[in-house]
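Colleague: Could you walk me through how to read a model like this one, feature by feature? I would like the general idea each time, and then the case at hand.

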Amino acid sequence: MGAPDVQAPPLKAYPVIPILQADAMAGSRPYVAAEKLNEAIGFPGKLVDGWQAKAVAKLGELRDRYRSLRVFLDACVHCGACTDKCHFFLGTGDPKNMPVARQELVRKVYRRYFTFAGKHFPKLVGAEDLTESVLEDWYRYFNQCSECRRCSVYCPYGIDTAEITMAAKEVMDSIGMGQKYTNEIIGKVHKIGNNLGLPGPALLDTLQTLEEEVKEETGQDVRFPLDEPGAEVLVVTPSADFFAEPHVFSLIGYAKVFHAAGIRWTLSSHASEAGNFGLFIGNYDQTRRIAMRVREAALELGVKRVVVGECGHAWRVAYSFWNTLIGPFDFLDARHPVPQHVCELTYDLIRRGAITLERERNDRRVVTFHDSCNVARASGMGGIPRGQFILPRAIVRAACTRFHDMAPETIHENTFCCGGGGGLLTDELVELRVKGALPRMEALKAVVDEHGVNFMATICAICKAQFAKVLPYYKFDMGMVGGVHQLVGDAIVLGRND
Amino acid sequence: MSALTLVYAGLFYAATAVFVVGLAAKIAGYARTPAPLRIPTTPAPRTRAGVVGRMAREVLLFESLFRANKWIWLFGWLFHVALALVLVRHLRYFTEPVWPVVAIAQPFGIYAGFALLAGLAGLWARRLLVERIRYISTWSDHLMLALLILIAVSGLMMKYVAHTDIVAVKAFVLGLMRFDLQPLPADGPLLVHLFLVAGLMAIFPASKLLHAPGVFFSPTRNQADDSRERRTVAPWAAGLEKK
Ligand code: SF4
Ligand code: SF4
C-alpha cells in the first residue's frame with residue numbers, strides 16, 4: 001500500500017450507474033489501530049477473546065440505546081431506491097457500497113441473533129452468523145462509508161446508513177478492531193488538544209507568524225489571539241486551519257473579519273480543534289468528552305459567544321449535538337445563536353454593513369460552491385429554512401463577481417460527498433478516496449467546461465484536504481479548492497473602522 | 001359447526017393475536033428506545049407542525065421515494081394506494097350497517113384490485129430485472145411479493161371467476177368479531193384468500209412489513225430541526241454526565 005498507483009475513473013459527460021463489480025473494493029482496508037492507540041482511549045487493544053459474543057451483545061446494547069438503529073434495522077424493504085445514491089458505489093461499482101447492501105452487513109447479523117425469522121429461517125431472510133469473514137467485511141466496508149447521509153435523503157423511511165456505520169464501528173471498537181487513523185486522532189485530541197497534535201507553544205508561534213505575514217501584506221495589525229481572557233468570541237476551528245493550505249487562508253479570513261468588525265476574539269489552546277472524530281466512530285461518550293473541551297475553554301476564558309470555523313462534521317456536532325452533549329449554554333450571550341457558525345457571523349456583519357467586501361478583488365476567480373455533507377444534511381444555519389445553503393452562497397456572492405452553481409442534483413441536500421469524510425482521510429485509502437470523488441468531479445467538470453470555473457469554495461477542512469489530494473488525479477489544479485473565508489479574506493476592506 | 005369453520009376461526013383468532021401482540025411489542029420497543037441526539041435529515045422543518053407535514057408527505061405521497069426513483073415510486077405508490085382502497089372496500093365485511101364512506105369506495109375498490117396487481121408486478125419485475133435490486137433481494141422479498149399477488153388473485157377470482165356467497169362470508173366475519181361463530185362457505189378461492197391473509201397478518205411483526213409503523217418512528221424524518229433550542233439528554237446518557 002502506501003502510495004498506490006491509483007487510476008482515476010474517466011469523467012463522463014452525464015452520470016452513469018455502474019454495473020456491479022463484485023468485490024471491486026474488497027482490497028480496500030485501512031490500518032487497524034495498534035494496541036497502544038486503542039488502549040489510550042479506553043478500547044481493548046486487540047481483538048478480544050470471545051469477540052463474537054461480545055460483538056453481538058454490544059449490537060443489542062446499541063439497539064436499546066438508539067431508536068435510529070432499532071427502527072432502521074427493521075424497516076428496510078429492499079426497495080432499492082438508495083442503491084445508486086452513494087458516491088462510493090458510483091465510483092467503484094462494488095455492490096457492497098450500495099447503501100442498503102452496506103446496511104445488510106449489519107442487518108444480517110442482527111436478524112440472526114435478534115429476530116424470530118433469522119433465528120429459525122436464516123436462509124430465507126438472509127440472516128448470517130457473525131463469522132470472521134463477516135467481521136472482515138464489516139471492517140472493510142464500514143470503512144468505505146463517509147457517513148455522508150446522502151442515502152438517507154432518498155430512503156422512503158429515512159434510513160441513514162451513517163447510523164448503521166457508526167454502530168458497526170462502535171461494535172468493532174468495543175472488541176478491539178479500531179481503525180488506526182481515527183483512533184490515533186482521538187488520542188491526540190485528548191492528549192494535546194487538537195487532531196494534528198500541535199502543542200500550545202507551536203500554535204502560538206504559528207499564530208504570531210501569521211500576524212506578521214498579514215501585517216506585511218495589508219499593513220494592518222490583524223491579530224490572531226490565543227487564550228486571551230475577556231475576549232468576546234471564542235473561535236473553535238479545525239486545526240488544519242493553523243498551517244495547512246488552503247485552510248490557513250480561511251483562518252486569515254476570520255481574523256480579518258473580526259478585525260474589520262472590531263470584535264475581540266480568541267482561539268484556545270485547550271480547545272484548539274473543532275473536529276470531533278468521536279462522531280465518526282459513533283461513540284457518544286468520546287464525542288461528548290471531545291466537545292466538553294469547548295465548554296471548558298469558553299468558561300475559562302469568559303467569552304460571550306462561541307463561533308465554529310469551516311469544518312463540516314464539527315458543525316454537525318456543534319449545531320446538532322453540543323446543546324445536548326455539553327449544554328446548557330446559559331453563560332453565553334443569548335442574543336447570538338449558540339453555537340454560531342463563522343458564516344452566520346460574517347453573513348450578519350455583511351448584511352448590517354459592519355464589514356465591506358470589494359468583490360472585484362476576486363475578479364480572477366470564477367467560483368462554485370461545494371456543499372459539505374454534514375452541513376447540508378445534518379445541520380442548519382441562520383435560523384431560516386435551508387439557511388445552510390443560502391448563507392455560504394450569499395457570502396461567496398458578496399465576495400466575488402462570478403459564481404456558478406453545479407448541477408442541482410449534485411448540490412444542496414443532494415450534494416455529493418468529497419469522498420474523504422467519516423474518518424477515511426488517510427493515505428492507505430487513496431484509491432477509495434479518488435474513486436469516491438468521481439460524482440463530484442463530474443459535476444465540477446461540467447461547470448469548468450461551461451463557465452470556466454477555477455475555484456471551488458467549501459466550508460469543511462476534510463473537503464479541502466480531500467480535494468487538494470484528489471483533484472490532480474482528475475487533471476484539475478489542486479489550488480482550485482479553498483474556503484469561503486479565503487474569498488472573504490481576499491475581498492474584505494480593512495482599516496475603515498480604525 | 002363444520003371442522004372447516006372451526007379451523008378458520010381458530011386461524012384468524014391466532015393470526016390476529018400474533019399480529020396485535022407482535023406489533024404492539026415492536027411499537028413499544030420503538031417508542032421506549034431513546035433518541036439521544038438530534039439527527040433529522042436536513043433541511044428539516046423547524047416546528048412540530050412542520051414535522052407533521054413532512055411525515056404526511058412521506059406517508060401519503062412517498063416524497064423521498066419520488067425524489068429517489070420514479071419507477072419504484074410509481075409502482076410502490078400505485079400498490080399502496082390500491083391496497084388502501086381495497087382495505088376500505090373490505091370494511092363492508094366488518095361493518096353492519098356498512099359505513100357510507102365504505103359504500104362509496106366500493107366501485108373504486110374493484111379497480112384498485114387490478115391496480116394493486118399491476119403495482120406488485122412492476123415491483124417484482126424490477127426486483128428480477130434490475131441488477132442492483134436483484135443483488136439485494138432475499139428469498140423472503142420474493143415470497144412476500146408472491147404472497148401478496150396470490151392474495152390479490154384469489155380475491156379477484158371470487159369476483160370474476162367463481163362467485164363466493166359474500167353474504168355468508170360477512171356473517172362469518174361478523175360472527176368472529178362477536179364470538180358467535182357462523183359457517184364459512186367452503187369455496188376454494190375464498191379458503192386460499194383467507195388462509196394467506198391470516199399468514200400475512202402473522203408474519204407482519206416479524207418481517208419487513210414493519211416499515212409501516214417504522215416510518216413514524218424514524219428519527220431522520222420525525223425530528224424537528226431545533227437542536228440549538230432544545231436539549232434531548234437520554235436517560236442512559238444522563239449517567240455519563242455524572243461521571
Ligand atoms: S452515508 Fe454516504 S457514504 Fe455511507 S452509504 Fe450512505 S451515501 Fe454511501
Ligand atoms: S431506500 Fe431505504 S428501504 Fe429502500 S433499500 Fe434503501 S435503505 Fe432499504
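Modeller: We will go through the sheets, the cysteines, the ligand shell and then chain B. This is a predicted model, where local features need pLDDT of at least 70 and side-chain atom pairs count only at pLDDT 80 or more, while totals for chains, interfaces and linings use all residues. Residues are numbered from 1 along each chain as its sequence is written, chains are lettered from A and ligands numbered from 1 in the order in which they are written, and side-chain values use heavy atoms, leaving out hydrogens and water.

Colleague: In which order do the strands S1 to S4 of chain A lie in their sheet?

Modeller: Strands here are DSSP runs of E with at least two residues, helices are runs of H or I with at least four, and both are numbered from the N terminus. Two strands pair if DSSP finds at least two bridges between them. In chain A, four strands form an open sheet in the order S2-S1-S3-S4, with parallel pairing. S2 (265-266) and S4 of chain A are the edges: each has a single partner strand, so one side of each has no neighbour in the sheet.

Colleague: And which bridges hold strand S3 of chain A in place between its partners?

Modeller: S1 (residues 233-236) of chain A pairs with S3(A) over four bridges, and there Val236(A) stands opposite Val308(A). Towards S4 (residues 340-341) of chain A, S3(A) has two bridges: Val307(A) partners Gln340(A), and Val308(A) partners His341(A).

Colleague: Are the two faces of S3(A) covered or open?

Modeller: In a regular strand the side chains alternate between the two faces of the sheet. For S3 (residues 305-308) of chain A, both faces are covered: Arg305(A) and Val307(A) on one side, and Val306(A) and Val308(A) on the other, are all buried. Buried means under 20% relative accessible area, exposed over 50%, and partly exposed in between, using a 1.4 Å probe and protein chains only.

Colleague: What is the handedness of the unit made by S3(A), helix H15 and S4(A)?

Modeller: Look with the strands pointing away from you: if the path from the first strand over the helix to the second runs clockwise, the crossover is right-handed. S3(A), H15 (residues 312-326) of chain A and S4(A) make a right-handed β-α-β unit.

Colleague: What is the strand order in the sheet with S5 to S8 of chain A?

Modeller: That open, parallel sheet of four strands runs S6-S5-S7-S8. Its edge strands are S6 (402-403) and S8 (481-483) of chain A, each pairing on one side only. S7 (residues 455-458) of chain A pairs with S8(A) over three bridges, with Met456(A) partnered by Val481(A).

Colleague: How many disulfides are there over all chains?

Modeller: A disulfide is a pair of cysteine sulfur atoms within 2.5 Å, and the count is zero. For Cys373(A), the nearest cysteine sulfur, in Cys417(A), is 3.8 Å away. The sulfur of Cys418(A) is 4.0 Å from that of Cys463(A), its closest, which is too far for a bond. Cys373(A) is buried at 8% relative accessible area, and Cys418(A) is buried at 2%.

Colleague: Which residues are closest to ligand 1?

Modeller: A residue is near a molecule if one of its heavy atoms lies within 4 Å of it. Of the 14 residues around ligand 1, the closest are Cys86(A), Cys145(A), Cys148(A), Arg149(A) and Cys151(A).

Colleague: And what is the secondary structure of chain B?

Modeller: Chain B has twelve helices and zero strands. Buried residues make up 49% of its 243 residues.
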